[in-house]
Each structure stands twice: as C-alpha cells, then as structure tokens.
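Work through these exercises with the model open. Try each task before you read its solution.

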Amino acid sequence: MTKVVLTVDDSRTMRDMLRLTLREAGFAVAQAEDGAQGLDALAEVDPDVIITDINMPRLDGFGFIRGVRADKRWRATPILVLTTEADAQKKERARQAGATGWIVKPFDPVRLVAAVRRVAG
C-alpha cells in the first residue's frame with residue numbers, strides 16, 4: 001500500500017521539490033502552504049508521515065505540530081521538520097511540540113527519502 005506524506009511549506013519551490021522527490025520514491029503526496037492549511041488538510045488526508053517547515057505565515061510549524069498532536073488520531077504520526085533553521089533551541093522547541101526529527105534545508109533527496117522511509121515504518 002502506498003504511504004502518504006503531507007508536506008507543509010510556504011515556499012512553492014520547496015513544495016515542488018518535495019513532491020517530485022517523494023513521488024519518484026513511490027510516495028503519495030498531499031501539500032499545504034502553511035500550518036493552518038496543513039491542519040485543514042488533515043480532514044481529507046490520513047498521512048503516514050508529515051513534513052513541515054517552521055517559518056510560515058498564519059500558523060508556524062511549532063503551532064502546526066502542536067495542533068496535529070492535540071488530535072489523538074495524529075498523536076503517533078511521525079513529523080519531520082524541514083527548515084533552514086539549525087538553532088538548537090528551535091530544535092528543542094520542535095521536539096517539545098511533538099516533532100519526530102529535524103532536516104536542514106537544502107535537503108539531500110536521498111537522505112530525505114531514507115528518513116521518511118525510516119519513520120514511515
């Protein structure tokens with residue numbers, strides 16, 4: 001069965017790169033432009049893995065992660081943070097919010113796919 005990845009990023013270029021990379025690896029991809037849209041997408045998509053940026057308009061990645069974790073249906077869904085941020089405090093904040101892992105942009109497609117496969121089970 002095809003695994004579904006929800007990507008949440010305000011950059012069209014990043015969404016396109018993620019979609020291309022993940023589809024080539026055999027994943028189905030759903031996308032959202034910010035955390036608010038990402039939470040809305042969960043009404044229609046049951047993702048196996050979520051990849052989110054941190055710095056986004058309306059609802060940032062921290063708020064999005066907390067929103068996902070507040071719903072018991074998504075409590076165990078792996079969430080990978082994909083961001084330009086490398087700050088240890090922000091990594092800790094993301095972990096406390098419920099993030100599973102952290103990938104720094106620009107991402108290496110091979111390593112990204114390996115990380116998604118690892119957490120997707």
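**Exercise 1.** Which residue in β3 is the bridge partner of Leu6?

*Solution.* Keep in mind that this is a predicted model. Start with the strands: β1 covers residues 4-8 and runs parallel to β3. The two are joined by 4 bridges. In β3, the partner of Leu6 is Ile50.

**Exercise 2.** Give the strand order of the open sheet, and find its edge strands.

*Solution.* Step one: trace the 5 strands, which gives β2-β1-β3-β4-β5 with parallel pairing. Step two: look for strands that pair on one side only; these are β2 (28-32) and β5. Step three: follow the twist, which averages 20° from one strand to the next.

**Exercise 3.** Is Asp53 buried or exposed?

*Solution.* Next, take its relative accessible area, 5%. Buried means under 20%, so Asp53 is buried. Then list contacts beyond four places in sequence: Val8, Asp9, Asp10, Gly61, Leu82, Thr83 and Lys105.

**Exercise 4.** Which element gives the most to the lining of the largest pocket?

*Solution.* The largest pocket has a volume of about 220 Å³. Of its 15 lining residues, Trp102, Ile103, Arg111, Leu112 and Ala115 are the closest to the centre. Two elements give two or more residues: β5 (101-104) and α5 (109-120). α5 gives the most, with 6 residues. By type, the lining divides into 10 nonpolar, 2 polar and 3 charged residues.

Methods. Residues are numbered from 1 along each chain as its sequence is written. This is a predicted model: local features need pLDDT of at least 70, side-chain atom pairs count only at pLDDT 80 or more; totals for chains, interfaces and linings use all residues. Side-chain values use heavy atoms; hydrogens and water are left out. Buried means under 20% relative accessible area, exposed over 50%, partly exposed in between (1.4 Å probe, protein chains only). Contact means heavy atoms within 4.5 Å. On a 1 Å grid over the protein atoms alone, a cavity is a set of points where a 1.4 Å probe fits but cannot get out, and a pocket is an open set with protein on both sides within 12 Å along at least five of seven lines; lining residues have an atom within 4 Å of a point. Grid points are joined across faces, edges and corners, and a volume is the space filled by probe spheres set on the points. Ala, Val, Leu, Ile, Met, Phe, Trp, Tyr, Cys and Pro count as nonpolar, Asp, Glu, Lys and Arg as charged, and the others, Gly among them, as polar. Two strands pair if DSSP finds at least two bridges between them. Axes are lines fitted to C-alpha atoms, for helices over the stretch in contact, and angles run from 0 to 180 degrees between N-to-C directions.
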